[in-house]
Amino acid sequence: LVVISEIVLGPDRLDRYLAANRFTVFPAMVGAYSALLGLVIAASALVLDRLAEGRLKLVQESRHIDSLSGIFRSAMVCLGAATLASLIVLVPTSSAGVDRGVVYLWAVFTFMVVARLARVIWMVGHMMNIVATQEGA
């Protein structure tokens, strides 16, 4: 987004896009990020509850247990930051440069969210494989 906006299309294109679509695109992004944040919070609460009950003993014994809470926490932080950045984009400023800077910050958090969610999905899939392997044995 940054490269396309600054080099290929020119910053004026992003300025016009924000002027025309700011209140169409970014409220949807706030809703999407908030929903994903709620999903990750619920998933982490569920996993932690099951771990505390001892129902995921194999997961507790796996080599990935130490990184489990960090993976969920980093996803929550990135989703929270992306949600806040989306909210900030909704506040128009008198400077097109500031508006572009906020959009670029939002874009960075969006890429981080994709990476963090991919890691959460990987971790949940790995946990499912561990549990399914044990139940099948």
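The largest cavity in this structure is lined by Val59, Ser62, His64, Ile65, Leu68, Met123, His126, Met127 and Ile130. Two elements give two or more residues each to that lining, helix 4 (65-89) and helix 5 (96-136). Please keep in mind, as you read on, that this is a predicted model.

**The cavity**

How many cavities of 30 Å³ or more does the structure hold? There is 1, and the volume of the largest cavity comes to about 30 Å³. Helix 5 provides the largest share of its lining, with 4 residues. Sorted by class, the lining residues are 6 nonpolar and 3 polar, with no charged residues among them.

**The nonpolar core**

Let us turn to the nonpolar side chains. The largest nonpolar core has 33 residues, and those that touch the most other members are Phe26, Leu68, Val89, Val103, Trp106 and Val113. Which helices each supply at least two residues of this core? They are helix 2, helix 4 and helix 5. Helix 5 gives the largest share here, 12 residues, and helix 5 also gives the largest share of the cavity lining. Leu68 is worth a look on your screen: it is one of the residues lining the largest cavity, and it is also among the core residues that touch the most other members.

Ser86 is found in helix 4. Is Ser86 buried or exposed? With a relative accessible area of 0%, Ser86 is buried, since anything under 20% counts as such.

**Salt bridges**

Searching the whole structure turns up 4 salt bridges.

| Salt bridge | N to O distance |
|---|---|
| Arg22 and Asp99 | 2.9 Å |
| Arg50 and Asp49 | 2.8 Å |
| Arg50 and Glu53 | 3.9 Å |

Take the pair Arg22 and Asp99, whose side chains meet at 2.9 Å.

The pairs around Arg50 give another picture. Arg50 meets Asp49 at 2.8 Å and Glu53 at 3.9 Å; that second value still falls within the 4 Å limit used for a salt bridge. Arg50 and Glu53 both belong to helix 2, where they are 3 residues apart, about one turn of the helix. Through shared partners, the salt bridges join Asp49, Arg50 and Glu53 into one network.

What is the relative accessible area of Arg50? At 28%, Arg50 is partly exposed. Asp49, with 35% relative accessibility, is partly exposed, and Glu53, at 44%, is partly exposed as well.

Conventions:
Residues numbered from 1 in each chain as written. Predicted model: local features only at pLDDT ≥ 70, side-chain atom pairs only at ≥ 80, totals over all residues. Heavy atoms only, no water. 1 Å grid on protein atoms, 1.4 Å probe; cavity = no way out; pocket = protein on both sides within 12 Å on 5 of 7 lines; lining within 4 Å. Points joined across faces, edges and corners; volume = space filled by probe spheres on them. Nonpolar A, V, L, I, M, F, W, Y, C, P; charged D, E, K, R; others polar. Buried < 20%, exposed > 50% of the residue type's maximum accessible area, 1.4 Å probe, protein only. Core = buried A, V, L, I, M, F, W, Y, C linked by side-chain atoms within 4.5 Å.
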